[in-house]
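Open your viewer and have the selection tool ready. This tour goes stop by stop.

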4 protein chains.
Amino acid sequence: MTDRRGALLDLRCEVCEANKELAERGLARFTFGNASAIDRESGVVVIKPSGVPYDAMTPAQMVVVDMKGDVVEGSLRPSSDLATHLELYRAFDRIGGVVHTHSHYATVWAQSQREIPCLGTTHADYFHGAIPLTAHLSADDIQSEYEANTGREIVRRLAGIDPLRMPAVLVAGHASFCWGESVGAAVETADLLEEVARMAYATLTLNTNADAIPAALLDKHFLRKHGPAAYYGQGKS
Amino acid sequence: MTDRRGALLDLRCEVCEANKELAERGLARFTFGNASAIDRESGVVVIKPSGVPYDAMTPAQMVVVDMKGDVVEGSLRPSSDLATHLELYRAFDRIGGVVHTHSHYATVWAQSQREIPCLGTTHADYFHGAIPLTAHLSADDIQSEYEANTGREIVRRLAGIDPLRMPAVLVAGHASFCWGESVGAAVETADLLEEVARMAYATLTLNTNADAIPAALLDKHFLRKHGPAAYYGQGKS
Amino acid sequence: MTDRRGALLDLRCEVCEANKELAERGLARFTFGNASAIDRESGVVVIKPSGVPYDAMTPAQMVVVDMKGDVVEGSLRPSSDLATHLELYRAFDRIGGVVHTHSHYATVWAQSQREIPCLGTTHADYFHGAIPLTAHLSADDIQSEYEANTGREIVRRLAGIDPLRMPAVLVAGHASFCWGESVGAAVETADLLEEVARMAYATLTLNTNADAIPAALLDKHFLRKHGPAAYYGQGKS
Amino acid sequence: MTDRRGALLDLRCEVCEANKELAERGLARFTFGNASAIDRESGVVVIKPSGVPYDAMTPAQMVVVDMKGDVVEGSLRPSSDLATHLELYRAFDRIGGVVHTHSHYATVWAQSQREIPCLGTTHADYFHGAIPLTAHLSADDIQSEYEANTGREIVRRLAGIDPLRMPAVLVAGHASFCWGESVGAAVETADLLEEVARMAYATLTLNTNADAIPAALLDKHFLRKHGPAAYYGQGKS
């Protein structure tokens, strides 16, 4: 097996595992979610097939597509959200994985059409500020190239923001997309987003006037975990 | 065994399994729910016996009744909601199964006496618009033929709506009824309704002014999964 | 073994089992709950010992007391809520078991100092009207004979109500007491009360103006399950 | 092995076990929490290492530090919240263990920047009054010695309060700290705080005007479980 084919096989396994984890962590019931990863060197994306249940999913079922979305390997149809994933990979060149879920509380915020304010250090530890929300697409943008337009709208909303400091977005009336350096990191982020969204829901239903934390506290918590001055954890060897 | 008797035996198994699933999926605690299926050819309905716990239920305990509700086979009394099921089978001639549960959030909406607006794509993927709510019955309609009148009120409320595009209803002050081409499909719909009801509850307690999604987005999501132009999933072979 | 001693031994087992079930059904965490049963013939009550964890509890640890609360059998101290149980047994002569829990939603209603209105048929199937709430005790009634006074206040609140049609009460700022013909029935009622309290919580946070169901619907549901004209379930053989 | 070294080894096991329990009881997901214990005789503190997952944690990984926070034993970096723990041990000389978690409802109250009022006897059984909330730190106090300043602010807030009658605090915009005579007691308190916080959340979202219970009831419940006149449980032998 060539190195290229070996790398792709490993990526199929990673993507399959990531999709199964969405179900195991309670982030995706039914078929409400999909995960993908990119192999930047060969320019292909590995993604979940459409409408296939998580528990019986195997690496061989994953679909490999090129950057135009054409299937390169695999006999199943790719996730119907593929075009959204591709837009994100094109725009954010340091990300290696994308995850879309309808996890409960993140979806509730998307449905409420509100950004998730940074109400506490749990949020600040992982996301550098409020979780952004996209605008609704026009009827035209929904009727034609809906999934690609969803991706373009996300990219527009993230303009001027480092996607690794803000690795999540809420799509109005729909649900969330998360990303990261790997598909595993994107799954972890989707799980953290759900936790943060759940805390923010209860905080604002308890106190509708609850304020975002001060900027100094946001920076302190984000930067003690991320970037060159981080002192949380055991460091990287 | 004749084909007719074989088909009926299979239907008993399906209905028993569907009732057990209501408990296993957390949609019915205690004896709060019942599922039935119809054999259109022979004009009989198979339904759960009244007040029997789910875990010890067997196919032989299912009750077979004719369209007047008279027991054709079985030694137990049928579900007290039988007459409601029969009204639905009479009015909606393409459905094969009916499910009634007191699942938590769907019941909360029925108790709140509010329709569930379509607040997001999770809802739009399965239900083409707001989940309808019946009006309260009059005292007379409660005192006499209560269960049949409940069914008639549901049918009245669904007038002009395709029951396969809107396979669920909320009965005011009571709970939900769901249906589908098979009893298994009706169970799946009951589970999806509960999920959608739970998301809508949290959305409106977070933002009491949250709007229904635009019609274009509702159509896009419903129609990418249902009908001749669907492109979600792997198609039907 | 005499019949009397045999009956008492069986009652110890029933009470022990009922206490364990409070934990297993999620109605009592830590040591937040206690169950008792009465042997009307010999005039003794069997009750949980105070502060003993549920998982290691055995029938031999149950405490047998007379109607004055004096220990007749057993080396452990009885539940600190014993005097409340005794008041209920004295006032409601057709009940055989009493259960006290701090189950989540029932306690939330008690803390909110609101009766639970009958918002739906799930409630009406088991409780004939709103779940009553006691008034706060005076400081004097708290400082002296607190537990007996709690029982007396419950009895006062239930004046004119059939305790088998309304087998539960909320004690203001505290939690719930339930009862029934047996201790097993009282546990089932505590579980149903929690379910009803949870539904009513979500109903009123979703729609603060939600109304109680009409009297005709309340009667219909209660009476199709209870009393001489009941037609729910398989009847009593 | 000397007695000193044996005691320290036992403390490592206790602290490791306490950290694992935070995860097992659902109080800490990801790496959201840390527990420590102090050996008053030798003046050392045993604490969780930073950023290590709970399930694979072993006693040998625990970090032993002196009261200045310098590592005495262990090859891993201590929890980044160490300096907060040390301030609490210095100020509250009768406590033996400290626990910090981001458990859901306690964190929601901290984010809401509200004290948890004593709304019922479940609360009064364990905490003698409202759970206090700290003020936000200044930007200066965040930028320099953030963790120690957090501890100092907690100590300031607890001035005049017996820390064993009020063994918990909410840090504004952050989460809770709990303590007790041992690290095991502190874990139990963290669990009880979460339960109380969850009940208070639902109580106030149901009835925004719910009042704290009368002082006589608070005293009755706290004192029947704690102090010289306690009559709950089986006493101490």
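How many residue pairs are in polar contact between chain C and chain D, counting those with both at pLDDT 80 or more? The count is 19. Keep in mind that this is a predicted model.

**Stop 1: the side of chain C that touches chain D.** Select α3 (104–112), α5 (139–143), α6 (146–157) and α7 (183–206) of chain C; each supplies at least two residues of this side. The largest share, six residues, comes from α3(C). Next, color this side by residue class: 12 residues are nonpolar, 15 are polar and five are charged.

**Stop 2: the whole contact.** Show both partners. Chain C brings 32 residues to the contact, and chain D brings 35 residues. Between them, about 2900 Å² is buried. Carbon and sulfur atoms give 53% of that area. Pick out C:R77, C:H104 and C:Q111. These residues supply 21% of the area that chain C buries against chain D, more than any other three residues.

**Stop 3: the salt bridges.** Four salt bridges are counted between chain C and chain D. Zoom in on C:R29 and D:D191, which form a salt bridge. Their closest N and O atoms are 2.9 Å apart.

**Stop 4: chain A.** Select chain A and switch to cartoon. Look for eight helices and seven strands. Its C-alpha atoms fill a box of roughly 55 × 50 × 35 Å along the principal axes. A compact globule of 237 residues would have a radius of gyration near 18 Å, and chain A agrees, with 18 Å.

Methods: Residues are numbered from 1 along each chain as its sequence is written. Chains are lettered from A and ligands numbered from 1 in the order in which they are written. This is a predicted model: local features need pLDDT of at least 70, side-chain atom pairs count only at pLDDT 80 or more; totals for chains, interfaces and linings use all residues. Side-chain values use heavy atoms; hydrogens and water are left out. Contact means heavy atoms within 4.5 Å. Buried area is the accessible area (1.4 Å probe) that two parts lose on being put together, summed over both. A salt bridge is a side-chain nitrogen of Lys or Arg within 4 Å of a carboxyl oxygen of Asp or Glu. A polar contact is a pair of N or O atoms within 3.5 Å; within protein, one must be able to donate a hydrogen and the other to accept it, and residues adjacent in sequence count only if both atoms are side-chain atoms. Helices (H or I, at least four residues) and strands (E, at least two) are DSSP runs, numbered from the N terminus. Ala, Val, Leu, Ile, Met, Phe, Trp, Tyr, Cys and Pro count as nonpolar, Asp, Glu, Lys and Arg as charged, and the others, Gly among them, as polar. The radius of gyration is taken over C-alpha atoms; the globule rule is 2.2 Å times the number of residues to the power 0.38.
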